Amino acid sequence: MIDRAAAVGLLQSLVRIPSVNPRGEDSPAERDVATFVADWLNRRGVPAETREVLPGRPNVTAILEGMDTSRSLLLEAHLDTVEVAGMVGDPFDGRVEGNRLYGRGSCDTKGSLAAFMLAVADLAARESKPPISITLVCAVDEEHLFKGILSFLEEKRPFVAAIVGEPTGLDLVVAHKGMVRFRVVTAGKAAHSSMPWDGDNAIERMVDVVGHIRGTLMPEVARMSHPLVGPATMAITLIQGGTAINVVPDRCSIDVDRRTLPGEDPEAIWRRYKQDLEALPQGHVEVVEPLLLDHAMETDPESPVVRALAAEVRRSGREPRIAGVNYGTDGSKIALGGTPTVVFGPGSIQQAHQAVEFINLEELVAASTIVAGLLERFDGTEVVG
Ligand SMILES: [Zn+2]
């Protein structure tokens, strides 16, 4: 039984410990929340330990043994949040108004984290063990470079399936997009702008690159679509060039964000764009090392974990909904190793990364109850219910 007051108290504690992703800066961002999570689990009979991924930034790994210890279900939720600039009110007060709890991370994704912690603790308090072991991983750095989950996956532990906690509004997300982010640089030669013939204008070279991206690459991308995640997209999101109004610029760069579909290979896409753009007739174009390559995710909706989770959603009185989303998650990294993975959690992505972030408390308790039911009944193969 998941107690509402306990759920509210736990989520409040998590929200009140800031864990803003420092995006490459040196900061022990998730340290305090990781310590809290590990202590909370240990006190409830779920052996948990912290393991440093980046300086002062540890993952938490907890294992609850099942009757069959040779097989394990993975639960994963990230510890970090996005920035708080521009937020309305105190971002870390965790205040409750009506059926909502407010604050940075309440929805993305400390709500899911709390739901998983409560579910695992609920199972630990019972007389009988769950059918298979449960591994809960609370990972750092999801909002930047996914270093927490990537570090955990280096251990190459096998899992029968995985549930990744993100605000899906209790939808069963079996597909999401991936990412190819790269920078294109044009090189020229600086000159006094009164004698532009002495120079070589890098911005003007970039205009041709942008023209090619808009005229050829973008229409090609727009033609590709996936039934659950929709169309692939490509956007030029940053441009930099020039030093002063009276100097012909010798350098210009753009950053491009391409969202990929399940089945696309991010590495191959980047290599193809590199070849294409560097071969443009005006020359002096370089596509530098990718800023981020991230796989899309796609799990068979008929796989045992999806069916078992759907049965638990139905048991809670809701109609299970299979869905796809545009954003990326830690799930694609787990799924890449062959583990059937579902993204599932309370709260709406509409409230994630927003000036006002909140979670619906009914959904929080429902998510935890659904996951506890899955842990109690799922044996990795059989379809429940
Ligand atoms: Zn998230």
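V180 is buried, at a relative accessible area of 0% (buried is under 20% relative accessible area, exposed is over 50% and partly exposed is in between, with a 1.4 Å probe and protein chains only). The model is predicted, so local features need pLDDT of at least 70 and side-chain atom pairs count only at pLDDT 80 or more, while totals for chains, interfaces and linings use all residues. Residues are numbered from 1 along each chain as its sequence is written, and side-chain values use heavy atoms, with hydrogens and water left out.

V180 belongs to strand β9 (residues 178–187); helices (H or I, at least four residues) and strands (E, at least two) are DSSP runs, numbered from the N terminus. Leaving aside neighbours within four places in sequence, V180 is in contact with V256, D257, R258, T260, P266, I269, W270, L292 and L293, contact being heavy atoms within 4.5 Å. A268 is 88 residues from V180 along the chain, and the C-alpha atoms of V180 and A268 are separated by 9.9 Å.

One of the partners of V180, L293, sits in strand β17 (residues 292–294). L293 is partly exposed, with a relative accessible area of 29%. Not counting residues up to four places away in sequence, L293 touches M179, V180, P266, E267 and W270. P28 is 265 residues from L293 in sequence and 25 Å from L293 in space, C-alpha to C-alpha.

The next part of the model to follow is helix α9 and its packing partners. The axes of helix α3 (residues 110–124) and helix α9 (residues 361–377) come within 8 Å and cross at roughly 45°. Axes here are lines fitted to C-alpha atoms, for helices over the stretch in contact, and angles run from 0 to 180 degrees between N-to-C directions. The angle makes α3 oblique to α9 (under 35 degrees counts as roughly parallel, over 145 as roughly antiparallel, 65 to 115 as roughly perpendicular and the rest as oblique). The crossing of α3 with α9 is right-handed; a crossing is right-handed if the near helix is turned clockwise from the far one by less than a right angle, and left-handed if anticlockwise. On the α3 side the contact is made by G111, A114, A115, F116, L118, A119, V120, D122 and L123, and on the α9 side by L364, A367, S368, V371, A372, L375 and E376. By class, the residues of the contact of α3 with α9 are 12 nonpolar, 2 polar and 2 charged. Ala, Val, Leu, Ile, Met, Phe, Trp, Tyr, Cys and Pro count as nonpolar, Asp, Glu, Lys and Arg as charged, and the others, Gly among them, as polar.

Helix α1 (residues 4–16) also meets α9: their axes come within 10 Å and cross at roughly 105°. That angle makes α1 roughly perpendicular to α9. R4, A7, V8 and L11 of α1 are in contact with L361, L364 and V365 of α9. This contact of α1 with α9 has 6 nonpolar, no polar and 1 charged residues.

Helix α7 (residues 304–315) packs on α9 at an angle of about 130°, with the axes 9 Å apart. The angle makes α7 oblique to α9, and α7 passes α9 in a right-handed crossing. A308, L309, E312, V313 and R315 of α7 meet I370, G373, L374 and R377 of α9. The residues of the contact of α7 with α9 divide into 5 nonpolar, 1 polar and 3 charged.

E357 lies in the loop between β20 (341–343) and β21 (358–360). E357 counts as buried, at 2% relative accessibility. A polar atom of the E357 side chain lies 3.0 Å from the backbone nitrogen of C107. Apart from residues up to four places away in sequence, E357 touches residues including R104, C107, D108 and Q351.

D108 is also one side of a cis peptide bond, joined to T109 with omega about -5°. T109 is in the loop between β5 (100–102) and α3. Most residues other than glycine have a negative phi, and most peptide bonds are trans.

Two other loop residues have a positive phi. D141, which is not a glycine, has a phi of about 65°; D141 is in the loop between β6 (132–139) and α4 (147–153) and is buried, with a relative accessible area of 2%. L170 has a phi near 70°. L170 is in the loop between β7 (161–164) and β8 (172–176) and is buried at 6% relative accessible area.

Notes. A polar contact is a pair of N or O atoms within 3.5 Å; within protein, one must be able to donate a hydrogen and the other to accept it, and residues adjacent in sequence count only if both atoms are side-chain atoms.
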